[in-house]
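The following note is meant for a colleague who is meeting this structure for the first time. Please keep the model open while going through the numbered points.

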Amino acid sequence: MTESTAHTSPGFHWNVERDGSSIRLSLSGELDVAVADRAAVRSKQQLAGIDGAVVVDLGQVTFMDSSGLRLLLDLRQTTFGLGIRLYLSRLSLPVQRLLDVAGLSHWFEYVGGVAPKFAYCPICEGELRIDVTRCPYCGSVL
Ligand SMILES: [Zn+2]
């Protein structure tokens, strides 16, 4: 039985699916200081009664700054304290970049065991297979 709730702020959308003892948080839009604090409070409220896993899907996050990082680290600490596993699911390019630059990629566990690694075209930022030599979107030679 999956139960779903959604919250929307301008530019940011937040969906929670509760499935038994686990929850999946899907974030989309701009995760910045305007929404991160409220998202942190809400995410903690959602953890009540959870003893399975928390999965955070960041595949639709178009922008994230340090307040978004703080939200993730906060969640990590809270779930650790509660003995719950926290997994990151999909990472959008901005999220992947920020985690890499901050050196925090290895702080998290990922669905499937390894950080999702994508290659992106340096010209158009299209998502690429690792083995291509020409971008299928803009035609750039890589
Ligand atoms: Zn391209």
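1. Residue A39 is located in helix α1, which covers residues 33–46; helices (H or I, at least four residues) and strands (E, at least two) are DSSP runs, numbered from the N terminus. The model is a predicted one, in which local features need pLDDT of at least 70 and side-chain atom pairs count only at pLDDT 80 or more, while totals for chains, interfaces and linings use all residues. Residue numbers start from 1 along each chain as its sequence is written.

2. Is A39 buried or exposed? A39 counts as buried because it has 21 C-beta neighbours inside 10 Å. The term buried requires 20 or more other C-beta atoms within 10 Å of the residue's own, exposed means 12 or fewer, and partly exposed lies in between, with C-beta atoms placed from the backbone.

3. Which residues does A39 touch, not counting residues up to four places away in sequence? They are W14 and L71, where contact means that the C-beta atoms, placed from the backbone, lie within 7 Å. A39 and L27 are 12 residues apart along the chain, and 9.5 Å separates their C-alpha atoms.

4. Helix α1 itself has 14 residues and reaches 20 Å from its first C-alpha to its last, close to the expected 20 Å at 1.5 Å a residue; the expected span is 1.5 Å times one less than the number of residues. Its buried residues are V35, A36, A39 and S43.

5. On the overall architecture, the protein has 3 helices and 8 strands. From the N terminus on, these elements run β-β-β-α-β-α-β-α-β-β-β. The protein is divided into domain 1 (2–111) and domain 2 (117–142), with bounds that come from an automatic or database domain assignment. The centres of the two domains, taken over C-alpha atoms, are separated by 28 Å.

6. Taken along the principal axes, the C-alpha atoms fill a box of roughly 50 × 35 × 30 Å. Buried residues make up 22% of the 142 residues. Of the contacts with a separation of 6 or more, 58% are accounted for by residues 24 or more positions apart.

7. The largest nonpolar core has 24 residues, of which L27, L31, V54, V56, L58, V61 and V95 touch the most other members. Such a core is a set of buried Ala, Val, Leu, Ile, Met, Phe, Trp, Tyr and Cys residues joined through C-beta atoms within 7 Å. Two or more residues come from each of β2 (12–19), β3 (22–31), α1, β4 (53–64), α2 (66–82), β5 (85–91) and α3 (93–101). Strand β4 gives the most to this core, with 6 residues. Leaving aside its neighbours within four places in sequence, V61 is in contact with L27, S28, G29, L31, S92, P94 and V95.

8. In helix α3, the buried residues are V95, Q96, L98 and L99. These residues lie on the same side of α3 because they cover an arc of only 165° around the axis, the arc being that of the directions from the helix axis to the C-beta atoms. Their cover includes β4, α2 and β5. The face turned away from the buried side carries the exposed residues D100 and V101. Just after α3, G103 takes a positive phi of about 70°.

9. Residue E125 deserves a separate remark. E125 is found in the loop between β7 (119–120) and β8 (127–128). Although not a glycine, E125 has a positive phi of about 65°. Most residues other than glycine have a negative phi. E125 counts as partly exposed because it has 13 C-beta neighbours inside 10 Å.

How values were computed:
Two residues are in contact if their C-beta atoms, placed from the backbone, lie within 7 Å.
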